[in-house]
Amino acid sequence: MSVVVPSSLLPASASPAFRGRIGRDAASGHYAVPYRYRLHVAPADPDCLSIAVTHGLLGLDTTLPLRLLPELPDAPDGSYTVLRPLYEASAHLYTGPAAAPVLGDMWTGRIVSTHVPDILRDLALRFRGDGPDLLPEGHREEIDAVAALCADGIHRAAQRAGELGLDPEAGARREAEDALGALFAALGGLDARLAGRPYVLGHAPTLADVHVWGALVQLDTVHRWHLDAEALRRVAAHRDLWAYAQRLAAQPVFARHLDVAAVLRRHRAHCKGREAAGAAIPIVDWGAAGTGR
């Protein structure tokens with residue numbers, strides 16, 4: 001059964017988190033069987049893109065259908081109308097936004113989970129079938145560490161640097177420099193790790209690559225618009241990392257659901273920040289690789 005975090009315990013802008021899990025067998029309630037579940041994702045969102053890439057790496061097109069949603073919700077409250085029945089069936093008197101991603105149970109018409117880390121783990125562990133081992137047991141802590149590095153050291157650090165970097169106040173500039181320092185440290189660590197190896201953990205893709213791919217897409221298509229030219233020069237200097245990103249962009253399983261134009265439309269619909277060096281050419285030719293070409 002899904003666990004719902006009450007809205008009163010969440011920030012006003014957040015949706016209740018449905019935290020059901022896929023178990024090993026029928027006794028667990030939700031268990032992995034073909035055709036029972038459906039994933040609803042808006043790939044212009046980085047979390048949804050990570051789920052779509054994982055779904056593709058595992059070859060789940062037939063047994064676990066993927067429903068693609070547009071980059072912008074179609075309801076004034078930020079909801080996807082098509083997801084509203086799932087939310088209302090899953091939480092009594094639900095009035096919050098009906099947001100993506102959603103792992104839905106087509107047998108019950110209810111939500112299993114909206115929690116991205118759980119969905120990624122359950123895809124890798126319960127729906128793998130004959131697909132690659134994206135969460136090898138001996139590397140799970142390492143993969144979690146890479147995920148945290150991408151979330152904090154790349155996404156949040158770049159976002160913070162962009163928010164503060166154009167503020168003339170000395171305090172804001174110092175905070176922006178600290179955020180940039182964290183960003184460069186994260187990129188440098190990944191750059192060193194990828195020297196001489198095709199994937200983050202070695203010779204085969206794992207969830208670590210899914211996390212890094214999503215972070216680099218977001219950095220080079222969205223966050224770059226709020227960084228100055230010197231910061232972008234230092235970002236681009238991590239050559240092994242960006243060569244790796246370009247290699248992934250050439251693989252259909254990574255590029256299939258990437259639509260750069262949709263990513264930018266989504267960003268500009270929500271972003272209230274000022275732009276800096278946004279006219280500069282991206283480091284990776286994402287548009288030629290993905291569906292946004």
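Trainee: Leaving aside its neighbours within four places in sequence, which residues is W213 in contact with?

Mentor: A word on the basis comes before the answer. This is a predicted model, in which local features need pLDDT of at least 70 and side-chain atom pairs count only at pLDDT 80 or more, whereas totals for chains, interfaces and linings use all residues. Residues are numbered from 1 along each chain as its sequence is written, and side-chain values use heavy atoms, with hydrogens and water left out.

With neighbours within four places in sequence set aside, W213 is in contact with L49, V53, A245, L248, A249, F254, A255, L258 and W286, where contact means heavy atoms within 4.5 Å. W213 also stands out in the largest nonpolar core, a set of 82 residues in which L183, W213 and W286 touch the most other members. Such a core is made of buried Ala, Val, Leu, Ile, Met, Phe, Trp, Tyr and Cys residues joined through side-chain atoms within 4.5 Å, and buried means under 20% relative accessible area, with exposed being over 50% and partly exposed in between (1.4 Å probe, protein chains only). The largest share of this core, nine residues, comes from helix α6, residues 207–221; helices here are DSSP runs of H or I with at least four residues, strands are runs of E with at least two, and both are numbered from the N terminus.

Several of the partners of W213, including A245, L248 and A249, lead on to helix α8 (residues 239–249), whose buried residues are L241, W242, Y244, A245, L248 and A249. Seen down the axis of α8, these buried residues fall within an arc of 150 degrees, so they line one face of the helix; the arc is that of the directions from the helix axis to the C-beta atoms. As background, an α-helix has 3.6 residues a turn, so residues three or four places apart point the same way.

On another side of the picture is helix α1 (residues 46–57), which holds S50. S50 is buried, with a relative accessible area of 7%, and, apart from neighbours within four places in sequence, S50 is in contact with L120, V210 and G214. C48 is buried as well, at 0% relative accessibility, and C150 counts as buried at 4%, yet the structure holds zero disulfides, a disulfide being a pair of cysteine sulfur atoms within 2.5 Å.

D118, found in helix α3 (residues 116–126), counts as buried at 3% relative accessibility, and D118 touches R19, R21 and S113 when residues up to four places away in sequence are not counted. E142, in helix α4 (residues 140–164), is partly exposed with a relative accessible area of 28%; beyond its neighbours within four places in sequence, E142 is in contact with R193 and L201. The C-alpha atoms of E142 and A208 are separated by 8.2 Å, although these residues lie 66 residues apart along the chain.

For the chain overall, the secondary structure comes to eleven helices and four strands, and 47% of the 293 residues count as buried. Among contacts between residues at least 6 apart in sequence, 70% join residues at least 24 apart.
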